[in-house]
Amino acid sequence: MTDMKALTDQIRSTAREWLEKGEVKYIIGYEKDPNSPIARPVFIHEPKDVDRLIIDLTCVNNLTRFLVDEMKNKPKRGEEPDLRPIGIVVKPCDSKTIVELVKEKIVPRDRVKIIGVVSPSTIDPKKLNMALKNIPQNKRKDVKLKENGNDFILEYDGESSSIPQDDLLADKCKVCVVHTPVISDITIGEGEKDWKKDNFEDIKDIEDMSPDERWEFWKRQLDRCVRCYACREACPLCYCEECVFDREKPYRWNERTVGLKENAFYHLVRAMHLAGRCVDCGECERVCPMDIPIRKINRYLIKRARERFNVFPGINVEEDPMFGSYDVDDPGEDIW
Amino acid sequence: MAKLISKDKLDDLLSRLKEQEKYEVFAPVEVDGVTLYQHINKVPSLEFTNSNKPPKDLFFPQTETMFQLERDDKVFVGTKDIETSSDPILVLGMRPCDSRAMLILDKLFYWDYVDPYYKDRRDRTTIISFTCTLPNMPKESCFCTSMGGAPDSNEGADMLWTDMGDVYYVESLTDKGNKLLELGGNLFTDSDQAHDSKVAEIKVNAKKAISRKLDTNGVKEALEKSFESDYWDEFAARCLGCGICTLLCPTCHCFDIYDVISNGEGRRERTWDSCQYSHYTAHASGHNPRPEKKHRQRNRIYHKFLYMENNLDIIGCVGCGRCISGCPVNIDIIEVAEGIKEAEGIKEAEGIKEAKND
Amino acid sequence: MADWEPKIIGFLCNWCSYTGADLAGTSRLQYPSNIRIIKVMCSGRVNPQFVLKAFQEGADGVLVSGCHPGDCHYIEGNYYARRKLTLLKDLLEFMGVDPERFQVSWVSASEGHKFAEVVTKFTEQIKTLGPQTKLDGGDGE
Amino acid sequence: MTDNVYKPTTATIKSIQLEAGGGRPIRTFKIQVDEQEARDQFLHKPGQFAIISYFGSGESVFAINSKPNKDGIIEFSVMRVGNVTGKLHELEEGDKVGVRGPYGNSFPVEDWKGKDIVFIGAGIGVSPVASVYRYVLAPENRKDYGNVTVIYGARTPKDLVFKDEFKTFEERDDLDLWLCIDWKFGPKGPTGESAMKGWPAINMQAPGETKVDSNRKFTAFVPQLVEVVKPNPENAVAVTCGPPIAIKFITQALDKLGWGADQIYTTLENRMKCGIGKCGRCNIGDVYVCKHGPVFTYKEVKDMVPEF
């Protein structure tokens with residue numbers, strides 16, 4: 001069981017120290033949302049505000065997305081750019097993103113100061129909202145969530161109920177293999193250092209389908225995509241200055257039409273753009289308003305890249321990007 | 001007088017409507033955990049909170065072919081109408097917030113120029129709203145009662161049905177609704193006083209269950225003087241610019257128009273667009289009137305609470321809560337609207353903002 | 001369907017496979033005319049997006065052909081191509097799109113015969129599979 | 001289906017005039033609506049805009065240059081910047097385009113009767129107000145208005161648009177024409193003493209003190225040229241156009257000369273798709289450029305939120 005209170009205190013004291021010493025420009029973290037049971041991102045500029053920072057089971061966002069924003073910010077004309085590092089609170093899964101961002105030279109290592117937090121699992125907000133359905137609407141935000149063995153305890157108004165962890169945990173946390181941040185300036189909490197083996201059990205159901213069943217499955221999923229591009233906007237590795245799907249000149253790669261033909265093209269191209277880079281932070285799937293299981297596509301490519309090219313994104317900043325490197329002995333048995 | 005229809009008679013009703021008047025029927029259907037309005041031949045469970053995508057899609061489809069292009073040898077030289085159906089449409093099970101939203105879209109799409117595509121479908125469609133009864137409703141973000149609506153509101157609907165267990169309590173509100181009663185004939189039975197009072201009780205409870213509130217008093221006034229407020233920086237800092245809030249909004253109406261050539265055939269289409277996208281307002285020259293996310297979020301809030309009211313005399317929000325529950329970073333329209341009031345008040349009274357900047 | 005002829009898009013590298021195709025032509029080798037060739041400077045230039053776009057626009061099969069590994073005019077372009085395109089094929093398979101519709105081959109400038117063989121074999125393969133209706137939206141609605 | 005406002009009618013290109021070359025060339029197209037019935041419906045007023053289709057590529061919004069007419073003649077200038085404008089530039093005489101409109105409000109030319117009018121424009125920016133000066137200067141209307149002054153500038157003499165028309169202005173005695181080109185093409189720049197031959201420099205420090213003779217061509221920026229010309233605000237209106245920043249400086253110059261913001265008219269542009277207030281996008285605050293505009297007084301512009 002993780003003592004969230006202790007972790008929160010340590011995050012606050014670290015943040016206070018960094019801000020007071022002026023070592024960071026600001027800190028990106030999580031705060032309690034006054035209107036929702038789910039925590040939300042917050043930007044802390046002043047030491048006096050550090051007590052807003054928290055870490056708990058509802059800190060679902062991958063905050064590194066905001067690091068990319070910061071790196072893209074151009075200083076206003078005549079203004080001296082403030083190049084101090086940005087402080088950021090990351091979970092182990094999110095820390096892998098930083099490795100990729102550093103590897104791809106989007107975020108220089110010295111522009112980020114990382115508070116790595118060991119192993120806070122997260123819940124799936126959609127599942128939590130379902131679980132809270134019978135609690136009065138305006139009370140849901142005050143619900144307290146605690147770990148208890150294999151269960152979560154939901155507390156509100158002096159009452160409490162128990163729910164199996166499996167029913168609330170985010171899918172990505174159920175198959176998590178890394179419980180300690182892979183990159184950080186300070187690591188808070190204790191946990192297993194070793195990576196677990198990823199068996200990719202969660203995509204087996206699709207792999208076991210016949211090709212036509214697979215297509216029927218994906219057709220149903222992709223057909224309902226509304227092409228809001230939230231999966232792209234939430235993805236810290238989708239940082240292109242101008243996305244190919246927004247470009248009009250010299251050629252419009254994909255029509256704006258929302259239909260299977262255009263949706264499938266979008267999702268397949270996006271999957272390829274993330275192949276060898278995606279660290280499975282799960283943001284794409286979490287933010288999808290149509291609940292499309294986007295992660296499964298990414299995970300399959302992670303699996304195949306591992307099997308074929310022995311590529312493990314998000315571990316080592318010195319490693320070359322998968323598509324920016326090759327091995328003379330790469331497999332190519334299907335090639336004529 | 002109100003009527004009743006037994007739940008096990010719904011399929012019969014559907015058959016009658018289809019056989020006698022060729023009604024096309026749409027209802028919320030849950031597939032893979034996502035509720036969407038779908039064309040149905042058999043009545044689905046109808047146990048739903050609300051659809052993920054708003055039913056405006058049925059009147060103003062996300063992508064719609066406006067007309068085809070006429071070809072002359074290698075070039076397109078004109079337009080060709082596409083064939084449209086004239087069959088009546090029935091939407092079975094709209095939430096009252098969404099049917100109220102239709103009144104807002106009506107105002108917009110009939111503003112001086114009539115949008116022919118919207119009007120065509122709107123005129124053909126009969127809307128049956130369902131009272132939001134417990135335990136399916138309310139969802140965490142519903143706040144219709146603050147926006148002039150209610151879980152039992154009948155505005156914008158042709159009929160209001162209330163779930164009473166085995167039967168629906170049926171109130172017809174318009175000629176279109178009466179037509180349905182006529183076609184249903186003996187499938188509808190008369191309600192008695194016991195039903196009436198039970199329904200009244202259900203409705204009272206439904207209303208009580210909506211406890212999220214937005215006090216709209218003062219929002220407009222606050223917005224009128226806070227265009228340049230720092231508040232917009234604050235709340236939009238975490239915005240991802242994804243556009244979920246607008247695409248899922250039952251009253252957002254922006255669209256893009258463009259031509260598509262596919263396999264030698266040309267057509268003009270329109271597709272929902274969003275003021276949250278940077279290229280939405282970008283000029284061809286590269287100049288962008290709303291270059292940053294805060295400008296675009298600000299536009300969304302202003303559009304709902306001020307611009308719509310100034311131009312069309314109606315607030316552009318029905319309190320369905322989709323933008324709140326859909327937002328990946330918890331941007332909450334209630335909090336923003338309350339927040340801007342507060343920011344205005346604080347700013348003038350205590351000068352906290354100035355102190356903060358020092 | 002009896003009259004159906006597959007549409008195949010071939011991305012051929014300028015230095016090897018395109019010249020190989022040329023040689024097949026000048027040697028008057030017979031191969032099916034279903035392939036429409038797009039010359040690229042290197043197989044490494046073939047963005048997976050090109051292949052997906054071809055399928056989206058209704059191609060029944062897509063062939064990418066370049067120099068043999070080690071023979072790339074740009075030294076290593078085809079090694080990069082191999083990684084990208086192999087993974088693309090995996091992706092197609094996972095999505096339930098027949099991976100046999102997408103083929104990579106290495107054809108050198110002197111292998112006119114091999115080019116004709118590859119095209120003949122691939123065309124036969126696509127003919128067996130029938131029209132591609134998945135990624136071009138034909139299967140939708 | 002009810003009348004479809006989104007469906008363009010077809011028109012044929014009658015003539016194409018290259019106005020300016022370079023990376024973003026400008027061409028002026030004169031088109032005529034094909035069907036008589038459609039011509040009868042397309043009766044535009046000065047200041048309104050049309051939405052032109054290149055079938056297969058899409059639509060783009062253009063200010064109508066031509067003066068109001070009953071023959072379905074529409075003239076508009078196109079700068080090549082995007083996909084649709086690029087395609088339009090490839091067209092030839094006799095080709096078909098689609099057109100819908102006219103949309104938007106117009107210049108209140110009826111209210112201006114008896115007043116002096118000053119037209120101030122720069123570059124291709126003159127295009128949106130061409131329809132109104134063409135209307136005012138038309139023989140049948142000219143007598144309704146007082147003195148007419150045209151102040152116009154471009155980057156180089158080559159960039160002056162509507163050259164043939166401006167040539168006729170030079171010959172007319174019922175209007176004052178003042179032209180200028182930008183400083184950077186003089187040898188010394190803004191504070192330099194000399195300028196391009198035939199285009200003497202004005203006094204940039206105190207433009208109002210520049211000596212004026214019969215030569216009405218200068219090396220200057222338009223706002224400074226306005227100070228040279230010193231148009232009288234009494235019983236007069238000014239029509240300006242150009243990018244917001246140019247309008248701001250022109251307005252400042254007029255302000256110095258005693259002009260009120262409500263005497264100054266301008267047109268605004270914003271990205272548009274539908275042209276009829278449905279698709280969002282062109283709003284500046286609650287003002288829809290397509291419906292409430294594109295013609296505004298500077299007083300109205302000042303009251304808008306700063307989102308243009």
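**View 1. A:His273, a buried residue.** With 21 C-beta neighbours inside 10 Å, A:His273 counts as buried. The cut-offs run like this: buried is 20 or more other C-beta atoms within 10 Å of a residue's own, exposed is 12 or fewer, and partly exposed is in between, with C-beta atoms placed from the backbone. You'll find A:His273 in helix 10 of chain A, residues 260-274; helices are DSSP runs of H or I at least four residues long, strands are E runs of at least two, and both are numbered from the N terminus. A:Cys238 sits 35 residues from A:His273 in sequence, yet their C-alpha atoms are 8.5 Å apart.

A quick note for every view: this is a predicted model, where local features need pLDDT of at least 70, side-chain atom pairs count only at pLDDT 80 or more, and totals for chains, interfaces and linings use all residues. Residues are numbered from 1 along each chain as its sequence is written, with chains lettered from A and ligands numbered from 1 in the order in which they are written.

**View 2. Where chain B touches chain A.** Chain B puts 39 residues into this contact and chain A puts in 36; two residues are in contact if their C-beta atoms, placed from the backbone, lie within 7 Å. On the chain B side, strand 11 gives the largest share, 3 residues. By class, that side has 19 nonpolar, 11 polar and 9 charged residues. Here Ala, Val, Leu, Ile, Met, Phe, Trp, Tyr, Cys and Pro count as nonpolar, Asp, Glu, Lys and Arg as charged, and the others, Gly among them, as polar.

**View 3. Inside the largest nonpolar core.** This core has 323 residues, and A:Val89 and D:Leu225 are among those with the most contacts inside it. A nonpolar core means buried Ala, Val, Leu, Ile, Met, Phe, Trp, Tyr and Cys residues joined through C-beta atoms within 7 Å. Helix 3 of chain C (residues 77-95) gives the most to this core, 10 residues. Leaving out residues up to four places away in sequence, A:Val89 touches several residues, including A:Ile11, A:Tyr30 and A:Val117.

**View 4. Two cis peptide bonds.** The bond from B:Leu134 to B:Pro135 is cis, with omega near 0°, and B:Pro135 is in the loop between strand 7 and strand 8 of chain B. The bond from D:Gly101 to D:Pro102 is cis too, with omega near -5°; D:Pro102 lies in strand 6 of chain D.

**View 5. Positive phi at B:Asp313.** B:Asp313 isn't a glycine, but its phi is positive, about 65°. It counts as exposed, with 8 C-beta neighbours inside 10 Å.
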